[in-house]
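Here are my notes for your review. Please read them with the model open.

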Amino acid sequence: MASLQPVRGTQDLLPDAQRRHRAVIDTARDLAARYGYQEIATPIFEFTDVFSRPIGETSDIVSKEMYTFTDRGGEEITLRPEYTAGIVRAIMSNGLTQSLPQKLFGAGPMFRYERPQKGRFRQFHQIDVELIGVAQPLGDVEIISLAANILDAFGILKRTVLELNTLGDTASRVAYRAALVEYYAGHRDGLSEDSLRRLEKNPLRILDSKDEGDKRINADAPLFEKYLTPEAQDFFGKVKSGLDTLGIAYQVNSRLVRGLDYYCHTAFEFVTTDLGAQGTVLAGGRYDGLMGVMGGPETPGVGWAAGIERLALLIDEPAPPPRPITLAPLGDKAEAIALGIAQSLRKAGFNIDLGFSGNLKRRMQRADKIKARAVVILGDNEIEKQIAAVRDLDTGEQVEVALGLLEERLKPFR
RNA sequence: GCGGGUGUAGCUCAGUUGGUUAGAGCGCCAGAUUGUGAUUCUGGAUGUCGCCGGUUCGACCCCGGUCACUCGCCCCA
């Protein structure tokens with residue numbers, strides 16, 4: 001039955017995998033809270049405009065990667081391909097533009113219709129941090145430092161490189177873009193097919209081309225530094241010196257650009273060589289123009305997103321789940337008593353696995369398989385004497401315990 | 001969307017120039033042990049060989065298509 005296959009690019013997160021995701025999210029959320037970032041959740045789908053307008057019709061995300069459909073009410077709906085636009089919309093919808101800055105953390109699924117690869121899915125998950133209403137470079141420094149702290153908490157900061165660039169302010173970018181277009185237009189014959197398309201859609205992208213011919217042309221391409229306004233240079237300088245102050249290492253990569261139209265000033269990526277072609281583990285930047293484009297008041301913002309699947313591939317095995325104590329009642333009478341015991345032990349904070357069926361051997365096997373710490377055996381013999389047999393599964397030691405003392409005597413196994 | 005590789009048991013994988021009953025390890029089930037797991041021993045079941053079609057006396061093997069996975073490109077977390 002082909003329908004038993006999950007949809008291409010989706011995956012089941014079985015408990016072991018989900019525990020890795022959970023570890024990523026929980027660690028990130030805790031650290032973000034230490035910086036004063038509160039968790040937010042926005043809908044998984046929005047009106048299509050929320051994404052298509054700010055992200056830009058010419059971008060790959062909008063032109064070919066969105067899961068868009070018309071719902072039964074005739075509304076154009078899109079499954080979110082990224083978090084930022086939805087969060088910014090939520091801030092406007094709820095009037096939070098009156099209480100800035102907003103420091104927000106989010107985590108959840110995103111959807112992009114792409115060809116799946118290692119660390120790349122059609123439904124994937126991101127953690128996301130947004131700082132909205134802060135125009136100062138100190139904000140950029142803060143979220144980058146949060147990102148570095150999170151990666152460090154995962155033990156993978158050493159395996160990544162922070163690449164940093166500036167896209168300048170609007171004046172800088174417009175001037176530079178014009179200079180690039182003029183330059184490349186003069187070299188049309190030598191450009192790759194991909195770059196000819198980029199020339200129309202996003203000329204900055206050509207700078208990052210892997211094509212050899214493009215690289216030769218890029219060698220003499222105009223440099224962004226010459227087109228940066230003094231203000232933009234000053235901004236970039238402050239971001240860099242802030243990172244220096246914190247001892248956060250970075251490499252300026254002038255070819256690092258952004259596919260999304262609303263980015264300006266700071267652009268950064270933490271990249272690794274351990275994930276094949278999907279080297280970017282966490283990426284973000286400043287988007288001062290976004291809220292204005294979406295019809296709200298001009299409000300600066302800066303943020304990043306990280307792929308949970310990619311992080312989960314890199315982190316160490318998270319702590320195993322707590323080991324339960326298995327209750328093994330034998331017979332109807334024992335079952336009734338065990339139900340009550342399970343209830344009160346759980347209320348007392350014990351992690352109790354109550355067996356449902358099987359003879360004692362079966363129950364012991366199951367207890368072993370789920371790595372139970374101990375088994376409480378309740379059979380007719382025990383009930384008659386008002387005791388339970390408590391077996392330590394690690395040592396094999398077994399003792400008889402009066403039912404009234406059970407909670408006390410099980411404490412070592414908690 | 002484009003190009004390469006791979007699909008055999010629940011999992012990881014063997015499978016001879018195309019030859020008739022398709023294998024191993026792990027896991028699973030049962031027994032040794034009818035109230036005692038893990039360990040040990042014995043036995044058992046694994047299966048549309050991804051799917052559809054073609055070539056052939058005969059296809060897990062060759063060919064075509066298709067689906068999935070995977071690596072790279074595009075793009076991105």
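Predicted model: local features only at pLDDT ≥ 70, side-chain atom pairs only at ≥ 80, totals over all residues.

The points below go from the whole chain to single side chains.

1. Every value below is computed from it, and local features rest on residues with pLDDT of at least 70.

2. Overall form. Chain A has 15 helices and 16 strands. The radius of gyration is 28 Å, whereas the globule rule gives 22 Å for 414 residues. Chain A is therefore more spread out than a compact globule. The C-alpha trace spans about 95 × 55 × 45 Å along its principal axes.

3. Burial and contacts. Of the 414 residues in chain A, 50% are buried. Take the contacts between residues at least 6 apart in sequence: 68% of these join residues at least 24 apart.

4. An open sheet. Three strands make up this sheet, in the order β2-β4-β3, with antiparallel pairing. Its edges are β2 (45–47) and β3 (67–70), each of which pairs on one side only. From one strand to the next, the twist averages 30 degrees.

5. The helix on that sheet. Helix α2, residues 48–55, packs on the sheet. It touches β2, β3 and β4. The direction of α2 makes about 75 degrees with that of β2.

6. The β3/β4 pairing. Strand β4 covers residues 76–79 and pairs with β3 over 4 bridges, in the antiparallel sense.

7. The structure holds 5 aromatic pairs. One of them joins Y67 and Y113 in an edge-to-face arrangement, 5.7 Å centre to centre with 65 degrees between the planes. Y67 lies in strand β3, while Y113 lies in the loop between β5 (102–111) and β6 (123–132), so the pair ties together parts that are 46 residues apart in sequence.

8. A second case involves R414, whose charged end sits over the ring of F350, 4.8 Å from the ring centre.

9. Y183 and Y184. Why is this pair classed as edge-to-face? The ring planes stand at 65 degrees, and over 60 counts as edge-to-face. The ring centres are 5.4 Å apart. Y183 is buried, with a relative accessible area of 16%. Y184 is buried as well, at 0%.

10. A ring cluster. Which residues do ring pairs link into a cluster? They are Y176, F224 and Y227.

11. Helix α6. This helix runs over residues 170–185 and includes A175. With 35% relative accessible area, A175 falls in the partly exposed class, because that class lies between the 20% and 50% cut-offs. A175 and R286 are 111 residues apart along the chain, and their C-alpha atoms are separated by 19 Å.

Methods:
Residues numbered from 1 in each chain as written. Chains lettered and ligands numbered in written order. Heavy atoms only, no water. Pairing = 2+ DSSP bridges. Helix = DSSP H or I, 4+ residues; strand = E, 2+ residues; numbered from the N terminus. Axes fitted to C-alpha atoms, helices over the stretch in contact; angles between N-to-C directions. Contact = heavy atoms within 4.5 Å. Phe/Tyr/Trp six-rings, centres within 6.5 Å; stacked < 30°, edge-to-face > 60°. Buried < 20%, exposed > 50% of the residue type's maximum accessible area, 1.4 Å probe, protein only. Lys NZ or Arg CZ within 6 Å of the ring centre and 35° of its normal. Rg over C-alpha atoms; globule rule 2.2 N^0.38 Å.
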